[in-house]
Amino acid sequence: MKRIALRGRKRTKKAIREGDIDKFFSLFIRNRDQTCQFPLRGPEDYHLGVLQCSHFFGRSARSTRWDEMNCDALCARHHQFLEGRKNGEYADWKLTQLGAFKFAALRKRYYALKHWTDNEKQELYERYKNRG
C-alpha cells in the first residue's frame with residue numbers, strides 16, 4: 001500500500017496556546033492584587049478560598065480576555081457569588097472601581113472584535129510570563 005503524505009504549511013515555531021497565556025495572566029492578576037478585591041458587605045460576610053482571576057467580561061470575549069482592567073483577584077466565595085450578578089452587583093462594583101469613563105472604555109473594547117495574531121499572542125505570553 002502506498003503512503004500518502006499530508007500537505008500543509010510548515011510551522012517554523014510552535015504557536016502559543018491561549019491556555020498558556022491564561023495561566024501566566026491569571027498568576028499576574030493574583031500577584032498584582034494580593035487579596036480578594038471585593039469589599040465585605042457586612043459583619044456576616046467573609047473571604048473564603050484561594051484567590052482566582054475573575055473576568056468581568058468573560059474569557060470568551062477575545063478583545064478583553066487579557067485586559068488588566070477587566071480582571072480582578074477574588075476569593076472563591078466572592079467569585080462564585082458575583083458570577084451570576086454581572087448585570088447587578090458586579091457591574092455596580094466594577095463601575096465604582098473604574099469610574100464611568102474607564103468603565104465605558106472597557107465596555108467599548110468588549111464590543112470590538114479582536115483576532116489575536118500569533119505574534120501578538122507571543123508578546124502577551126512573554127509579557128505575563130516575565131511579570132507573573
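At roughly what angle do the axes of helix 1 (residues 18-33) and helix 5 (residues 118-131) cross? They cross at roughly 35°, and the axes come within 8 Å. Axes here are lines fitted to C-alpha atoms, for helices over the stretch in contact, with angles running from 0 to 180 degrees between N-to-C directions. The crossing of helix 1 and helix 5 is left-handed, a term used if the near helix is turned anticlockwise from the far one by less than a right angle.

On the helix 1 side, Glu 18, Asp 20, Ile 21, Phe 24, Phe 25 and Phe 28 take part, and they meet Lys 121, Leu 124, Tyr 125, Tyr 128, Lys 129 and Arg 131 of helix 5. Contact means heavy atoms within 4.5 Å. Sorted by type, the residues of this contact are seven nonpolar, no polar and five charged. In that sorting, Ala, Val, Leu, Ile, Met, Phe, Trp, Tyr, Cys and Pro count as nonpolar, Asp, Glu, Lys and Arg as charged, and the others, Gly among them, as polar.

## The model and its fold

A word on the ground rules: this is a predicted model, in which local features need pLDDT of at least 70 and side-chain atom pairs count only at pLDDT 80 or more, while totals for chains, interfaces and linings use all residues. Residues are numbered from 1 along each chain as its sequence is written, and side-chain values use heavy atoms, with hydrogens and water left out.

The chain has five helices and two strands, and from the N terminus on its elements run α-β-β-α-α-α-α. Helices (H or I, at least four residues) and strands (E, at least two) are DSSP runs, numbered from the N terminus. Of the 132 residues, 36% count as buried; buried means under 20% relative accessible area, exposed over 50%, and partly exposed in between (1.4 Å probe, protein chains only). Among contacts between residues at least 6 apart in sequence, 72% join residues at least 24 apart.

## Helix 2 and its buried face

Helix 2 (residues 76-83) is the place of His 78. The buried residues of this helix are His 78, His 79, Phe 81 and Leu 82. Seen down the helix axis, they fall within an arc of 165°, so they line one face of helix 2; the arc is that of the directions from the helix axis to the C-beta atoms. As a reminder, an α-helix has 3.6 residues a turn, so residues three or four places apart point the same way. The buried residues of helix 2 pack against strand 1 (51-55), strand 2 (71-75) and helix 3 (89-98).

His 78 counts as buried because its relative accessibility is 1%. Leaving aside its neighbours within four places in sequence, His 78 is in contact with Cys 36, Phe 38, Leu 40, Asp 45, Tyr 46 and His 47. His 78 and Leu 51 are 27 residues apart along the chain, and their C-alpha atoms are separated by 9.7 Å.

## Salt bridges

The structure holds 14 salt bridges, each a side-chain nitrogen of Lys or Arg within 4 Å of a carboxyl oxygen of Asp or Glu. One of them joins the side chains of Arg 77 and Asp 45 (2.5 Å, N to O). This pair links distant parts of the chain, with Arg 77 in helix 2 and Asp 45 in the loop between helix 1 and strand 1, 32 residues apart. Arg 77 is partly exposed at 28% relative accessible area, whereas Asp 45, at 9%, counts as buried.

Lys 94 and Asp 72 also meet through their side chains in a salt bridge (2.5 Å, N to O). Lys 94 lies in helix 3 and Asp 72 in strand 2, so the pair ties together parts that are 22 residues apart in sequence. Both Lys 94 and Asp 72 are buried. Glu 89 forms a salt bridge with Arg 85, where the closest N and O atoms are 3.6 Å apart. Glu 89 is partly exposed at 34% relative accessibility, and Arg 85 is partly exposed at 33%. Finally, a network of salt bridges links Glu 18, Asp 22, Arg 59, Arg 62, Arg 65 and Lys 121.
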